[in-house]
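Let's walk through this model together, starting with a pair of helices and moving on to charged side chains. Keep the 3D view open as you read.

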Amino acid sequence: MGLKCCHADPRRDPVHKASLKAGWNRHQRIVDKLAPRVERLAMRWFRGVRDQVTDEAIRISVDTGDPAAIVGIFEGLPMPRPPLPGEAPPVAKGYTEAVALEEFVATALMQDIIEAAMAAGEDAWDSLPALGLKVTGSFTVDNPYVGPAAQERVGWLIQEVRNGTNLGLQEAVAGAVQGAYAEAMGVRGAAKTIRGMVGLRPDQVRAVNKLAEKFAAAGMRGDKLASRLARESAKRLTYRANMIAHTEMARAVSSGRYDSWRDARDRGLFGGESGYVEWVAGITDRTCDVCADLHGTIEPLDSEFQPISPDLSPSQQGVRGYYPPIHPLCRCDILLHIGKPTRENP
(Lines give C-alpha, C1' and ligand atoms only; values in the text may rest on other atoms or scores of the structure.)
Protein backbone atom coordinates (compact mmCIF):
# COMPACT_ATOMS: atom_id res chain seq x y z
CA MET A 1 0.00 0.00 0.00
CA GLY A 2 1.39 3.39 -0.93
CA LEU A 3 1.20 6.48 1.20
CA LYS A 4 -1.99 8.48 0.85
CA CYS A 5 -2.08 12.07 -0.31
CA CYS A 6 -1.40 14.38 2.59
CA HIS A 7 -4.60 16.30 1.78
CA ALA A 8 -6.81 13.21 2.05
CA ASP A 9 -7.58 13.84 5.70
CA PRO A 10 -7.57 17.05 7.78
CA ARG A 11 -5.27 15.40 10.30
CA ARG A 12 -2.48 15.11 7.73
CA ASP A 13 -0.01 17.81 6.81
CA PRO A 14 2.92 17.63 4.41
CA VAL A 15 5.88 15.81 5.93
CA HIS A 16 8.94 18.01 5.48
CA LYS A 17 12.18 16.06 5.42
CA ALA A 18 13.94 18.87 7.23
CA SER A 19 11.55 18.51 10.16
CA LEU A 20 11.93 14.75 10.50
CA LYS A 21 14.74 14.77 13.02
CA ALA A 22 13.65 11.59 14.69
CA GLY A 23 16.32 10.35 17.07
CA TRP A 24 16.32 6.75 15.90
CA ASN A 25 19.98 6.18 16.69
CA ARG A 26 19.77 7.68 20.20
CA HIS A 27 16.59 5.82 20.96
CA GLN A 28 17.91 2.55 19.59
CA ARG A 29 20.94 2.79 21.86
CA ILE A 30 18.61 2.87 24.87
CA VAL A 31 16.71 -0.14 23.54
CA ASP A 32 19.92 -2.03 22.74
CA LYS A 33 21.24 -1.41 26.24
CA LEU A 34 18.17 -2.66 28.11
CA ALA A 35 16.55 -5.21 25.78
CA PRO A 36 19.05 -8.02 26.56
CA ARG A 37 18.31 -7.58 30.27
CA VAL A 38 14.56 -7.79 29.65
CA GLU A 39 15.04 -10.79 27.37
CA ARG A 40 16.92 -12.63 30.12
CA LEU A 41 14.15 -11.71 32.54
CA ALA A 42 11.50 -13.08 30.16
CA MET A 43 13.41 -16.34 29.76
CA ARG A 44 13.75 -16.64 33.53
CA TRP A 45 10.00 -16.09 33.74
CA PHE A 46 9.27 -18.80 31.18
CA ARG A 47 11.63 -21.27 32.86
CA GLY A 48 10.07 -20.53 36.24
CA VAL A 49 6.63 -21.29 34.87
CA ARG A 50 7.94 -24.47 33.26
CA ASP A 51 9.41 -25.66 36.55
CA GLN A 52 5.95 -25.52 38.11
CA VAL A 53 4.45 -27.90 35.55
CA THR A 54 4.86 -31.42 36.89
CA ASP A 55 5.01 -34.67 34.94
CA GLU A 56 1.92 -35.82 36.81
CA ALA A 57 -0.06 -32.74 35.72
CA ILE A 58 0.95 -33.35 32.12
CA ARG A 59 0.05 -37.04 32.33
CA ILE A 60 -3.40 -36.22 33.71
CA SER A 61 -3.96 -33.61 31.02
CA VAL A 62 -2.92 -35.94 28.20
CA ASP A 63 -4.92 -38.88 29.59
CA THR A 64 -8.09 -36.82 30.09
CA GLY A 65 -7.68 -34.37 27.23
CA ASP A 66 -8.34 -31.61 29.75
CA PRO A 67 -5.50 -29.07 30.19
CA ALA A 68 -6.90 -27.90 33.54
CA ALA A 69 -4.31 -29.86 35.51
CA ILE A 70 -1.61 -27.71 33.88
CA VAL A 71 -3.15 -24.31 33.25
CA GLY A 72 -5.06 -24.32 36.51
CA ILE A 73 -1.78 -23.53 38.28
CA PHE A 74 -1.69 -20.11 36.62
CA GLU A 75 -5.36 -19.17 36.54
CA GLY A 76 -6.91 -16.78 39.03
CA LEU A 77 -3.58 -15.29 40.08
CA PRO A 78 -3.70 -11.74 41.48
CA MET A 79 -2.39 -8.95 39.29
CA PRO A 80 1.10 -7.89 40.43
CA ARG A 81 1.44 -4.27 41.48
CA PRO A 82 5.10 -3.30 41.80
CA PRO A 83 5.71 -0.17 43.91
CA LEU A 84 6.04 3.23 42.27
CA PRO A 85 9.36 5.08 42.58
CA GLY A 86 9.70 6.22 46.17
CA GLU A 87 7.06 3.81 47.48
CA ALA A 88 7.94 1.18 50.04
CA PRO A 89 7.80 -2.41 48.75
CA PRO A 90 4.77 -4.41 49.87
CA VAL A 91 4.97 -6.39 53.07
CA ALA A 92 6.13 -9.93 52.36
CA LYS A 93 3.30 -12.45 52.21
CA GLY A 94 3.02 -16.19 52.01
CA TYR A 95 2.88 -16.16 48.22
CA THR A 96 2.54 -19.30 46.16
CA GLU A 97 5.46 -20.01 43.88
CA ALA A 98 3.51 -18.76 40.85
CA VAL A 99 2.58 -15.47 42.51
CA ALA A 100 6.10 -14.93 43.84
CA LEU A 101 7.53 -15.45 40.35
CA GLU A 102 5.20 -12.91 38.77
CA GLU A 103 5.86 -10.40 41.54
CA PHE A 104 9.60 -10.70 40.93
CA VAL A 105 9.20 -10.34 37.16
CA ALA A 106 6.81 -7.39 37.50
CA THR A 107 9.14 -5.48 39.83
CA ALA A 108 12.23 -6.03 37.67
CA LEU A 109 10.37 -5.22 34.46
CA MET A 110 8.93 -2.02 35.89
CA GLN A 111 12.41 -0.86 36.84
CA ASP A 112 13.64 -1.48 33.28
CA ILE A 113 10.67 0.34 31.75
CA ILE A 114 11.20 3.35 34.02
CA GLU A 115 14.94 3.41 33.26
CA ALA A 116 14.30 3.43 29.49
CA ALA A 117 11.49 5.97 29.76
CA MET A 118 13.53 8.33 31.90
CA ALA A 119 16.57 8.15 29.61
CA ALA A 120 14.42 9.00 26.58
CA GLY A 121 12.38 11.57 28.49
CA GLU A 122 15.44 13.42 29.74
CA ASP A 123 16.82 13.49 26.20
CA ALA A 124 13.52 14.86 24.88
CA TRP A 125 13.44 17.50 27.61
CA ASP A 126 16.96 18.64 26.74
CA SER A 127 15.86 19.01 23.10
CA LEU A 128 12.99 21.40 23.90
CA PRO A 129 15.10 24.58 23.55
CA ALA A 130 15.67 23.64 19.89
CA LEU A 131 11.95 24.32 19.40
CA GLY A 132 12.40 27.86 20.67
CA LEU A 133 11.11 27.12 24.15
CA LYS A 134 12.47 28.74 27.27
CA VAL A 135 12.96 25.69 29.43
CA THR A 136 13.43 25.71 33.17
CA GLY A 137 13.77 22.78 35.54
CA SER A 138 14.32 19.20 34.48
CA PHE A 139 12.43 16.00 33.81
CA THR A 140 12.67 13.87 36.94
CA VAL A 141 11.37 10.47 37.97
CA ASP A 142 8.80 12.03 40.31
CA ASN A 143 6.86 13.42 37.32
CA PRO A 144 3.18 12.36 37.32
CA TYR A 145 3.36 10.16 34.24
CA VAL A 146 6.24 7.69 33.96
CA GLY A 147 5.74 5.62 37.11
CA PRO A 148 1.97 5.08 36.81
CA ALA A 149 2.30 4.33 33.09
CA ALA A 150 5.00 1.72 33.78
CA GLN A 151 2.92 0.16 36.51
CA GLU A 152 -0.11 -0.09 34.23
CA ARG A 153 1.95 -1.50 31.38
CA VAL A 154 3.52 -4.18 33.57
CA GLY A 155 0.09 -5.32 34.72
CA TRP A 156 -1.13 -5.52 31.13
CA LEU A 157 1.95 -7.43 29.97
CA ILE A 158 1.80 -9.94 32.82
CA GLN A 159 -1.83 -10.65 31.95
CA GLU A 160 -1.11 -10.83 28.21
CA VAL A 161 1.79 -13.26 28.55
CA ARG A 162 -0.07 -15.31 31.16
CA ASN A 163 -3.11 -15.69 28.89
CA GLY A 164 -1.00 -16.46 25.82
CA THR A 165 0.96 -19.10 27.72
CA ASN A 166 -2.22 -20.75 29.01
CA LEU A 167 -3.73 -20.86 25.53
CA GLY A 168 -0.47 -22.25 24.18
CA LEU A 169 -0.51 -25.05 26.75
CA GLN A 170 -4.08 -25.88 25.76
CA GLU A 171 -2.91 -26.21 22.15
CA ALA A 172 -0.01 -28.40 23.27
CA VAL A 173 -2.28 -30.78 25.16
CA ALA A 174 -4.71 -30.90 22.24
CA GLY A 175 -1.85 -31.81 19.91
CA ALA A 176 -0.78 -34.65 22.17
CA VAL A 177 -4.32 -35.99 22.52
CA GLN A 178 -4.88 -35.86 18.77
CA GLY A 179 -1.82 -38.04 18.25
CA ALA A 180 0.34 -35.45 16.53
CA TYR A 181 3.36 -36.76 18.40
CA ALA A 182 2.24 -38.83 21.43
CA GLU A 183 1.96 -42.03 19.38
CA ALA A 184 5.47 -41.55 18.05
CA MET A 185 7.04 -40.75 21.41
CA GLY A 186 4.86 -42.23 24.11
CA VAL A 187 3.51 -40.38 27.11
CA ARG A 188 7.00 -39.67 28.49
CA GLY A 189 8.17 -38.09 25.24
CA ALA A 190 4.92 -36.18 24.92
CA ALA A 191 5.38 -34.81 28.43
CA LYS A 192 8.89 -33.63 27.54
CA THR A 193 7.57 -31.95 24.43
CA ILE A 194 4.69 -30.22 26.21
CA ARG A 195 7.00 -28.94 28.94
CA GLY A 196 9.27 -27.50 26.27
CA MET A 197 6.32 -25.55 24.89
CA VAL A 198 5.61 -23.73 28.15
CA GLY A 199 5.79 -20.02 27.38
CA LEU A 200 4.90 -20.28 23.70
CA ARG A 201 1.92 -18.50 22.16
CA PRO A 202 -0.82 -20.65 20.57
CA ASP A 203 0.37 -19.89 17.03
CA GLN A 204 3.90 -20.97 17.98
CA VAL A 205 2.61 -24.21 19.49
CA ARG A 206 0.60 -24.93 16.35
CA ALA A 207 3.75 -24.44 14.27
CA VAL A 208 5.63 -26.97 16.42
CA ASN A 209 2.71 -29.39 16.22
CA LYS A 210 2.81 -29.21 12.43
CA LEU A 211 6.52 -29.99 12.51
CA ALA A 212 5.77 -32.93 14.80
CA GLU A 213 3.34 -34.32 12.25
CA LYS A 214 5.87 -33.81 9.47
CA PHE A 215 8.75 -35.42 11.35
CA ALA A 216 6.60 -38.34 12.57
CA ALA A 217 5.35 -38.96 9.03
CA ALA A 218 8.98 -39.09 7.89
CA GLY A 219 9.67 -41.84 10.42
CA MET A 220 11.22 -39.87 13.28
CA ARG A 221 10.39 -41.51 16.60
CA GLY A 222 11.06 -41.60 20.32
CA ASP A 223 13.72 -39.50 22.00
CA LYS A 224 15.03 -38.24 18.67
CA LEU A 225 11.66 -36.70 17.83
CA ALA A 226 11.21 -35.32 21.36
CA SER A 227 14.65 -33.71 21.29
CA ARG A 228 14.05 -32.19 17.85
CA LEU A 229 10.75 -30.67 18.96
CA ALA A 230 12.38 -29.38 22.15
CA ARG A 231 14.94 -27.52 20.00
CA GLU A 232 12.19 -26.09 17.81
CA SER A 233 10.28 -24.91 20.87
CA ALA A 234 13.42 -23.38 22.39
CA LYS A 235 14.05 -21.33 19.25
CA ARG A 236 10.51 -19.98 19.31
CA LEU A 237 10.67 -19.26 23.02
CA THR A 238 13.85 -17.24 22.52
CA TYR A 239 12.16 -15.34 19.71
CA ARG A 240 9.17 -14.54 21.93
CA ALA A 241 11.41 -13.28 24.73
CA ASN A 242 13.40 -11.18 22.26
CA MET A 243 10.25 -9.72 20.74
CA ILE A 244 8.84 -8.83 24.16
CA ALA A 245 12.12 -7.20 25.20
CA HIS A 246 12.61 -5.04 22.12
CA THR A 247 8.95 -4.08 21.82
CA GLU A 248 8.59 -3.12 25.48
CA MET A 249 11.82 -1.12 25.57
CA ALA A 250 10.89 0.69 22.35
CA ARG A 251 7.51 1.48 23.88
CA ALA A 252 9.18 2.75 27.05
CA VAL A 253 11.34 5.09 24.95
CA SER A 254 8.30 6.49 23.15
CA SER A 255 6.31 6.83 26.36
CA GLY A 256 9.17 8.61 28.11
CA ARG A 257 9.47 11.18 25.34
CA TYR A 258 5.71 11.66 25.21
CA ASP A 259 5.50 12.06 28.97
CA SER A 260 8.28 14.65 29.01
CA TRP A 261 6.28 16.71 26.51
CA ARG A 262 3.15 16.42 28.64
CA ASP A 263 5.11 17.43 31.72
CA ALA A 264 6.53 20.45 29.88
CA ARG A 265 3.05 21.46 28.74
CA ASP A 266 1.68 21.09 32.26
CA ARG A 267 4.42 23.39 33.55
CA GLY A 268 3.44 26.06 31.02
CA LEU A 269 6.64 25.77 28.97
CA PHE A 270 4.80 25.84 25.63
CA GLY A 271 4.22 29.57 25.97
CA GLY A 272 0.48 29.30 25.57
CA GLU A 273 0.76 27.26 22.37
CA SER A 274 -0.70 23.79 21.91
CA GLY A 275 1.46 20.72 21.44
CA TYR A 276 1.06 18.39 18.47
CA VAL A 277 2.64 15.02 17.86
CA GLU A 278 3.65 13.70 14.44
CA TRP A 279 3.92 10.00 13.65
CA VAL A 280 7.07 9.12 11.70
CA ALA A 281 7.55 5.70 10.12
CA GLY A 282 10.83 4.49 8.71
CA ILE A 283 9.42 3.85 5.26
CA THR A 284 10.96 0.77 3.62
CA ASP A 285 9.62 -2.15 1.62
CA ARG A 286 9.04 -3.89 4.96
CA THR A 287 6.89 -1.14 6.51
CA CYS A 288 3.46 -2.51 7.40
CA ASP A 289 0.31 -0.96 5.98
CA VAL A 290 -0.78 0.46 9.33
CA CYS A 291 2.52 2.25 10.00
CA ALA A 292 2.69 3.52 6.42
CA ASP A 293 -0.80 4.95 6.75
CA LEU A 294 0.05 6.65 10.04
CA HIS A 295 3.22 8.22 8.61
CA GLY A 296 2.89 12.01 8.67
CA THR A 297 -0.29 11.95 10.73
CA ILE A 298 -0.44 14.74 13.31
CA GLU A 299 -2.55 14.64 16.45
CA PRO A 300 -2.86 17.00 19.43
CA LEU A 301 -0.90 15.92 22.48
CA ASP A 302 -3.10 13.56 24.54
CA SER A 303 -5.00 12.38 21.44
CA GLU A 304 -4.69 8.87 20.06
CA PHE A 305 -3.50 7.99 16.57
CA GLN A 306 -5.61 5.73 14.39
CA PRO A 307 -5.13 4.58 10.76
CA ILE A 308 -7.47 6.29 8.33
CA SER A 309 -7.06 4.59 4.95
CA PRO A 310 -10.21 2.97 3.54
CA ASP A 311 -7.88 0.37 2.00
CA LEU A 312 -7.15 -1.10 5.43
CA SER A 313 -9.22 -3.85 6.99
CA PRO A 314 -11.63 -2.97 9.82
CA SER A 315 -9.26 -4.56 12.35
CA GLN A 316 -6.34 -2.48 11.04
CA GLN A 317 -8.44 0.68 11.13
CA GLY A 318 -9.30 -0.17 14.74
CA VAL A 319 -5.68 0.04 15.90
CA ARG A 320 -5.21 2.95 18.28
CA GLY A 321 -2.37 4.37 20.34
CA TYR A 322 -0.82 7.57 21.65
CA TYR A 323 2.65 6.59 20.42
CA PRO A 324 4.61 3.68 18.91
CA PRO A 325 5.04 0.78 18.85
CA ILE A 326 1.67 0.09 17.32
CA HIS A 327 2.54 -3.60 16.91
CA PRO A 328 5.38 -5.92 18.03
CA LEU A 329 8.82 -4.82 16.80
CA CYS A 330 7.39 -1.60 15.33
CA ARG A 331 10.17 0.93 14.59
CA CYS A 332 8.10 4.10 14.24
CA ASP A 333 8.90 7.33 16.09
CA ILE A 334 7.14 10.54 17.10
CA LEU A 335 8.01 14.23 16.87
CA LEU A 336 6.76 17.20 18.83
CA HIS A 337 5.48 20.38 17.20
CA ILE A 338 4.56 23.53 19.09
CA GLY A 339 1.59 25.03 17.29
CA LYS A 340 -0.18 23.20 14.45
CA PRO A 341 2.32 22.51 11.62
CA THR A 342 1.45 24.02 8.24
CA ARG A 343 3.15 24.28 4.87
CA GLU A 344 4.69 27.58 5.88
CA ASN A 345 5.55 26.43 9.40
CA PRO A 346 6.81 22.82 9.31
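In H1, the residues Arg26, His27, Ile30, Lys33, Leu34, Arg37, Val38, Leu41, Arg44, Trp45, Gly48 and Val49 meet Leu101, Glu102, Phe104, Val105, Ala108, Leu109, Asp112, Glu115, Ala116, Ala119, Ala120 and Asp123 of H4, where contact means heavy atoms within 4.5 Å. The residues of this H1 and H4 contact comprise 14 nonpolar, two polar and eight charged ones. Here Ala, Val, Leu, Ile, Met, Phe, Trp, Tyr, Cys and Pro count as nonpolar, Asp, Glu, Lys and Arg as charged, and the others, Gly among them, as polar. Helices (H or I, at least four residues) and strands (E, at least two) are DSSP runs numbered from the N terminus.

This is a predicted model, in which local features need pLDDT of at least 70 and side-chain atom pairs count only at pLDDT 80 or more, while totals for chains, interfaces and linings use all residues. Residues are numbered from 1 along each chain as its sequence is written, and side-chain values use heavy atoms, with hydrogens and water left out.

How do the two helices run? The axes of H1 (residues 24-51) and H4 (residues 97-126) come within 10 Å and cross at roughly 175°; axes are lines fitted to C-alpha atoms, for helices over the stretch in contact, and angles run from 0 to 180 degrees between N-to-C directions. H1 and H4 are therefore roughly antiparallel to each other, the word for angles over 145 degrees.

Arginine 40 also sits in H1. Its relative accessibility is 54%, so arginine 40 counts as exposed; buried means under 20% relative accessible area, exposed over 50%, and partly exposed in between (1.4 Å probe, protein chains only).

Now for the salt bridges, each a side-chain nitrogen of Lys or Arg within 4 Å of a carboxyl oxygen of Asp or Glu. The count comes to 22. One of them joins lysine 235 and glutamate 232 at 3.4 Å, N to O. Both lie in helix H8 (residues 222-266), three residues apart, about one turn of the helix. Lysine 235 is exposed at 53%, whereas glutamate 232 is buried at 7%.

Aspartate 259 and arginine 262 form another salt bridge, with their closest N and O atoms 2.8 Å apart. Both residues are buried.

Conventions: Angles under 35 degrees count as roughly parallel, over 145 as roughly antiparallel, 65 to 115 as roughly perpendicular and the rest as oblique.
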